[in-house]
Amino acid sequence: MAPEILAGSPYNAKADLWSLGVLVFEALFGHAPYASCNLSQLRAQALSSAPITIPPNSLSPDCMDFLSRLLQKDPMRRISYEDLFSHPYPDLIHAPCAESHQTAIRIVTDAIHHDRENNSRRAFSLYCEALNYLIPLAYGKQKTNKITGTYKRIDIDLKYLCVPPCAESYQTAIRIVTDAIHHDRENNSRRVFSLYCEALNYLIPLAYGEADATRKKELYSKVEEYRRRAQQLASKHQPLPVITTNSTHSHTSLHVLAEAIPNLKSGLEIGETGDMYLAEGNYELALEKLKASLAILIQFCEAETSSSQLKPLLAHQVCECKLILGLFRR
């Protein structure tokens with residue numbers, strides 16, 4: 001019962017927001033914000049000036065903000081309904097509804113437009129936003145094709161995202177990952193996915209430009225860890241096989257080495273174009289580009305000696321390309 005009701009004061013619909021806060025508190029911690037043996041004790045606790053105590057370091061920043069604003073004893077300071085519906089913790093904006101699918105398609109169409117204009121940052125942001133609508137729709141259903149294609153496009157383009165590295169980039173990424181881990185513990189999958197993608201937006205350029213070999217390896221290890229978690233969230237019900245053998249690290253290392261080999265670089269770029277067509281559902285052009293890329297990759301792979309640094313990277317890329325082409329024969 002809201003404090004204003006217990007005090008016998010006038011009250012309005014905001015009293016229900018207090019009740020919602022109590023329910024959220026109980027769901028998170030397994031008990032009410034406070035307990036009492038009788039109504040008098042309950043009334044005394046509710047009307048005291050002491051704020052509700054939320055265990056520190058137990059919630060993500062978004063959840064802490066949401067819960068503390070619901071449990072404001074002064075209804076004037078309590079969260080408004082407008083802020084409730086737009087708050088990032090419950091993320092009601094992306095809750096499934098009749099318009100969700102069409103909204104996602106509109107966003108993906110816009111993303112593809114920016115993708116073709118090489119506006120990677122904007123395209124990446126739009127693909128992630130589309131997934132925020134598509135993933136809730138897919139739970140309990142078999143309609144995962146669009147999620148698979150959209151995530152594949154994000155996964156392909158990660159290393160090309162352009163957030164220029166600066167002194168604060170690493171700390172910013174760690175702060176975002178810490179927030180993601182909090183949301184992960186609360187099973188807030190949509191928010192976790194968005195945060196891991198945002199962290200990768202900072203970490204990948206840092207790893208790509210790092211000169212120190214040890215530091216570079218550490219950064220790529222983090223990139224792979226967060227990329228895998230994001231992929232797990234985006235493809236939870238994915239029916240297609242998923243490659244998890246350090247594919248981001250191999251993919252990026254191969255591209256770095258290919259910078260000095262124009263024909264190999266062209267072969268990789270042709271493959272990425274094929275992946276883009278595949279994500280868009282243009283299977284005829286995807287098949288054409290992927291076959292052309294595979295022919296070039298096989299030629300270079302066969303020409304390399306077993307001790308070559310390129311050999312295992314090329315072999316991994318060839319296997320990945322063959323796996324994707326194998327899907328066309330199903």
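**A pocket and its surroundings**

Modeller: The second largest pocket has a volume of about 350 Å³. Its lining is made of 19 residues. Closest to the pocket's centre are S125, C128, N132, S194 and E198. Bear in mind that this is a predicted model. Two helices each give at least two residues to the lining: α7, residues 120-138, and α10, residues 189-209.

Now follow α10 to another helix. R191 lies in α10, and D62 lies in α4. Their side chains meet in a salt bridge, with N and O 3.0 Å apart. How covered are the two partners? D62 counts as buried, because its relative accessibility is 14%, under the 20% limit. R191 is at 22%, so R191 counts as partly exposed.

Stay with α4. The side chains of D65 and R69 also form a salt bridge, at 3.5 Å from N to O. Both residues sit in α4, four places apart, so about one helical turn separates them. D65 is partly exposed, with a relative accessible area of 31%. R69 is partly exposed too, with 25%.

R69 has another partner. D83 forms a salt bridge with R69, and the closest N and O atoms are 2.9 Å apart. D83 belongs to helix α5, residues 81-86, while R69 is in α4. The two are 14 residues apart, and the pair links distant parts of the chain. D83 counts as partly exposed, because its relative accessibility is 31%. Shared partners join D65, R69 and D83 into one network. Why do such pairs form? Side chains of opposite charge can pair when their charged atoms come close. Over the whole structure, a search finds five salt bridges.

S60 lies in the loop between α3, residues 39-47, and α4, residues 61-70. Is S60 buried or exposed? Its relative accessibility is 0%, so S60 counts as buried. Which residues touch S60, leaving aside those up to four places away in sequence? They are D179, H182, H183 and E186.

End at the start of the chain. M1 lies in the segment before α1, residues 3-6. At 59% relative accessibility, M1 counts as exposed. Together with I5 and Y11, M1 makes a nonpolar surface patch of about 340 Å².

Definitions and conventions: Residues numbered from 1 in each chain as written. Predicted model: local features only at pLDDT ≥ 70, side-chain atom pairs only at ≥ 80, totals over all residues. Heavy atoms only, no water. Patch = residues over 30% accessible without salt bridge, like charges linked within 9 Å, V, L, I, M, F, W, Y side chains within 5 Å. Areas by Shrake-Rupley, 256 points an atom, 1.4 Å probe, with all protein chains shown as cover. Salt bridge = Lys/Arg side-chain N within 4 Å of Asp/Glu carboxyl O. Buried < 20%, exposed > 50% of the residue type's maximum accessible area, 1.4 Å probe, protein only. Contact = heavy atoms within 4.5 Å. 1 Å grid on protein atoms, 1.4 Å probe; cavity = no way out; pocket = protein on both sides within 12 Å on 5 of 7 lines; lining within 4 Å. Points joined across faces, edges and corners; volume = space filled by probe spheres on them.
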